[in-house]
Amino acid sequence: MQDSQSAFKKEDPLGMDAMSSEEYASQSKLLQEFTNVPSIESAWLFKTNNEDRSRAMFSISQPDLLANKKRKYILHSHIVTHGTMPLECHWSPFPIEMTGVSAVVPSPSGSKLLVVRNGEKGSRTTLQIVNQSHVEKEIHVDQSIHGPLYTDEWFHGISWNHEETFIAYIAEQTPRPKPAFDDAGYRKGGSSEEDCNSWRGQGDWEEDWGETYSRKGRPSLFVLDIASGEVRAARGVPKSISAGQVVWAPPSSSGHQKLLVFVGWLEHNGFQSTARKLGIKYCSNRPCSLYAIHSPFEEEPNADNASDSGSESVPASVATNLTPSISSALFPRFSKDGKLLVFLSSKCAVDSGAHNATDSLHRINWPSDWKADEQLSVTDVVPVVMCPQDGCFPGLYCSAMLSDPWLSDHCTMVLTSAWRSTEVMLSIDVLSGEVTRISPQDSDYSWSTLAISGNNVLSVSSSPIDPPQIRYGRRASTEDHDGRCAWVWDEVTSPLTAASNKVKALLSHHKLSILRIPVPDPSDELSDGGRLQFEAIFVSCEDSSQKPTVLILHGGPHSASVSSYSKSSAFLASLGFNLLIVNYRGTLGYGEEALQSLPGKVGSQVGGYSPIVLLMVVLVNKIK
């Protein structure tokens, strides 16, 4: 009997029996089917001489599991529309791998491309200017000038000026040299790494922004003169400010003034004026402001140009705070006509201490010849929504903004925002403050904006069981039932779609639903928003009552799980699990009162029931 059991349970060198080994091999092969599907990182749309034709460029990525890295590719397409006829897409035959590339940023006209290769292990950063036929310029930036460029979601900022002659960007400031010592003590001249007769100390400790920013240099502003290849640091930015999200201001009426607007985080002004950096990853509650500063390539104004008002003029080399009246200002964007400066604010998060909260949108009427000592007033465009009515706009929840979010009228921008358990696309008239949902009203899918050209919007839609699908949207000549301009969304067939067909087949028998969960017997202390129903995204497979369910809770707690595609969740569903993805109270996308009803009550009960018990009751009722 023992011999037969040992024969049945043959073990491999890792200690697995034959059945477990086959199961691991099968699941490993299945996982590769999911990881092989490329992800769309970003996209750009370019106009052509033909109104019915647009050029699109996609930046896509694919995991390299063996190297534990991410492969990046560029893929091109021509999109052709024929009125009410289905659109045509002509794709390049193969994607082009961008080996070692950290970022690509097209110029405003689409005629040039900046390719950034950040130096590794002390090597130089390389900036390439590529035109439509060849590499026009290649600049190797020595580490004595700056380190790698920031390409993250917070500090990242690469901006071409309108004339495409200068590029502003954020990079790591070169660290101060470490003190050198030898047998005689401190050595004033320093020493090289190869000098065996001396050693280096650690120097003064410099606080960083923590987590993924550990050991990175201070985010600082630099400008590249493309013609000469010279790189200069911006003058007048205090060392206490970390810079990010830089954009060029429109040229002044005189044509001489070259201004940069950027976001600045005071390094010693955390929550409740905490005099230290508290970390910024996933945290929009760090105070920040918009600042304006002259380009380092602009000559200093002389005394003859000083103000005649008798007041002391502000030197051009000093960064000016444009938003001192508000505790948070992010993602500055100038309208195409240069008359408006629009920005997002996370003041609710800053003022309350919540990691993330409901955003608001604001604008500044930008003068054609702004002076540094001129105060600018901030106008509210979209205020914070405290307690939305059922089915109505719940407020702004934006983690990013396109570099060019504008439609052709110069005053309407398109944003991607959480709306309860989905992600939607919104058009916002920044003059009237009117907010319109332009992604389909009846869709449980999540929609995200990729690029805009004129009144055409390139987007992507997905669900937990449907891989991302590219969509091309344009304004229709008809109106919807609310009297607003309707949008038509065409499906774009692409090579990326073909790669995901097998994944679609594996998930074809699953169903998606969004459960609305009431708060039973809410206490009198709860706000109206805290009494609103919260939600859970339920992915069920065939015969779901007989299958195990994976409960997925997002972290934060002030974040959200939206109904978009996730490779890891889809993989679990393909193995036969049901998925319950919960957006509990305190989640983004439900109004500010609902979000603020959680702090201080994370471990408390809700109306006599703990949140987890309540969720399990709902789940049991669902699978019955």
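Which strands each supply at least two residues of the lining of the second largest pocket? I looked this up before anything else. They are β10 (146-149) and β12 (166-173).

**Entry 1: ground rules**

I am working with a predicted model, in which local features need pLDDT of at least 70 and side-chain atom pairs count only at pLDDT 80 or more, while totals for chains, interfaces and linings use all residues. Residues are numbered from 1 along each chain as its sequence is written, and side-chain values use heavy atoms, with hydrogens and water left out.

**Entry 2: second largest pocket**

I noted the search rule: on a 1 Å grid over the protein atoms alone, a pocket is an open set of points with protein on both sides within 12 Å along at least five of seven lines, a cavity is a set where a 1.4 Å probe fits but cannot get out, and lining residues have an atom within 4 Å of a point. Points are joined across faces, edges and corners, and a volume is the space filled by probe spheres set on them.

The second largest pocket holds about 1400 Å³ of space. Its lining has 40 residues, of which Q173, T174, P175, R176 and E206 are the closest to the centre. β10 gives the most to this lining, with three residues. Strands here are DSSP runs of E of at least two residues, helices are runs of H or I of at least four, and both are numbered from the N terminus.

**Entry 3: largest cavity**

I counted five cavities of 30 Å³ or more by this rule. The largest cavity has about 80 Å³ of space. Two or more of its lining residues come from each of β1 (39-47), β31 (466-479) and α4 (495-499), and β31 gives the most, with four. The lining includes V37, P38, P467 and L496. By class it has seven nonpolar, four polar and no charged residues.

**Entry 4: partners of β3**

I then followed strand β3 (residues 69-82), which runs antiparallel to β2 (residues 53-64) and is joined to it by twelve bridges. Pairing requires at least two DSSP bridges between two strands. F58 stands opposite L75 of β3. The hairpin of β2 and β3 has four residues between the strands, and N68 there takes a positive phi near 55°.

β3 also pairs antiparallel with β4 (residues 85-91) over five bridges, and H78 stands opposite H90 in β4. Two bridges join β3 to β5 (residues 96-97), again antiparallel, with I74 opposite I96.

**Entry 5: β24**

β24 is joined to β23 (residues 340-345) by six antiparallel bridges, L344 being partnered with L361. β24 also pairs antiparallel with β25 (residues 379-382) over three bridges, where R363 has T379 as its bridge partner.

**Entry 6: S443**

Is S443 buried or exposed? S443 is buried, with a relative accessible area of 15%, and lies in the loop between β28 (435-437) and β29 (446-453). Leaving aside neighbours within four places in sequence, S443 is in contact (heavy atoms within 4.5 Å) with T422 and R437.

Key. Buried < 20%, exposed > 50% of the residue type's maximum accessible area, 1.4 Å probe, protein only. Nonpolar A, V, L, I, M, F, W, Y, C, P; charged D, E, K, R; others polar.
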